[in-house]
Amino acid sequence: MRKVIAILVSVIATAANGAAAETLKVAVAQRGFWNSSFVDFALRQGFFKQEGLDIEILYTEGGASTLTPVIAGSLDVAMTNGTLGVIAAFAKGMPVKIISAEATGAPDAFWYARPESGIRTIRDTDGKTVAFSSPGSSTNLIVLQLVNQEKATPKLVAAGGAPATLTQVMSGQIDVGWSVPPFVLQHLAEGRLQIIARGSDVKAIKDQTIRVNVANANALKEKRDAFVRYVRALSRAIDWAYSDPAAIDAYAAIANVPRSLAQKTRDEFYPKESLQLAEVKGLELTLRQALEFKYITAPLSAADVRQGLIDVLYRP
């Protein structure tokens, strides 16, 4: 009987490997960030192939450029979306589903200025220009909370991705830029820039999921099992990234930085627990923020959002 079972398992596995892989089209924000590299890692390690998936990647600058094509149905998955922006889309009836958490807390994000600017903390930014990436992004949420907490009154500016923001700060167009590693680390080491605030300074969001991974709701309904396999492969990639030294070499190549900066990026700015996929935390706080910062025009209950928007597909 055991021999028969073994033969059957072998036949099923062979058939699965020979079957045509399902294709998912994925928008990934900010190529070169540590957390944006997990899809690439899963491709390189063959985790998607083992799940019977072909993955097509479109890299974006985050925010609406990631979420909009998924809402339109031209892509299936949007990675690393600001939770506020996703809730705003849901409130407008857009076909979105949160399929996993992405970032809980904000240990990776920081804000910086040139030393000659005289800006040392966020309290020094009254009347100054302070950047975030795009409306609805996690950096938008963080900086709104940060200036509220510190009672500062800067002019907030949607400056785009980290490289574009750096250019604007160095040219004097913007006073304070935003970034996550490895971008700007070399400038900091050389003393050309200095950190004035960190996402981790915001007490309110320490245990809040500020970014999520999202699927087109119609595509999820049609090929749910493929999405489940996608998140499972993603989870394997995260485990690999924190257990295999080869992940640092792979990331250094993706981000085009020295291995030492790649190591520093992972070890000092991205604790693995902040990247858990299984639970969207702090939802009540997020919904209050969505109303306070005018992402939604009427209150939403946590129960309605959990039922209508959140559909966590895989819990490791």
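Predicted model: local features only at pLDDT ≥ 70, side-chain atom pairs only at ≥ 80, totals over all residues.
Across from Phe132, look for Ala158 in β7.

Now show helix α6, residues 138-150, along with the two strands. Together β6, α6 and β7 form a right-handed β-α-β unit.

Move to Lys151, found in the loop between α6 and β7. Its phi is positive, about 55°, although Lys151 is not a glycine. Is Lys151 buried or exposed? Lys151 is exposed, with a relative accessible area of 68%.

Another stop of this kind is Asn256, in the loop between α11 (246-255) and α12 (259-269). Asn256 is not a glycine, yet has a positive phi of about 60°. Asn256 is exposed, and its relative accessible area is 68%. Most residues other than glycine have a negative phi, and most peptide bonds are trans.

For the peptide bond, select Pro181 and Pro182, which are joined by a cis bond with omega at about 5°. Pro182 sits in the loop between β8 (177-179) and α8 (185-189).

Finish with the largest nonpolar core, which has 108 residues. Select Phe38, Phe41, Trp111, Phe227 and Tyr230, the residues with the most contacts inside this core. Which helix gives the largest share of the core? Select helix α10, residues 224-241, which contributes 11 residues.

How values were computed
Residues numbered from 1 in each chain as written. Heavy atoms only, no water. Core = buried A, V, L, I, M, F, W, Y, C linked by side-chain atoms within 4.5 Å. Buried < 20%, exposed > 50% of the residue type's maximum accessible area, 1.4 Å probe, protein only. Helix = DSSP H or I, 4+ residues; strand = E, 2+ residues; numbered from the N terminus. Pairing = 2+ DSSP bridges. Right-handed = clockwise from strand over helix to strand, strands pointing away.
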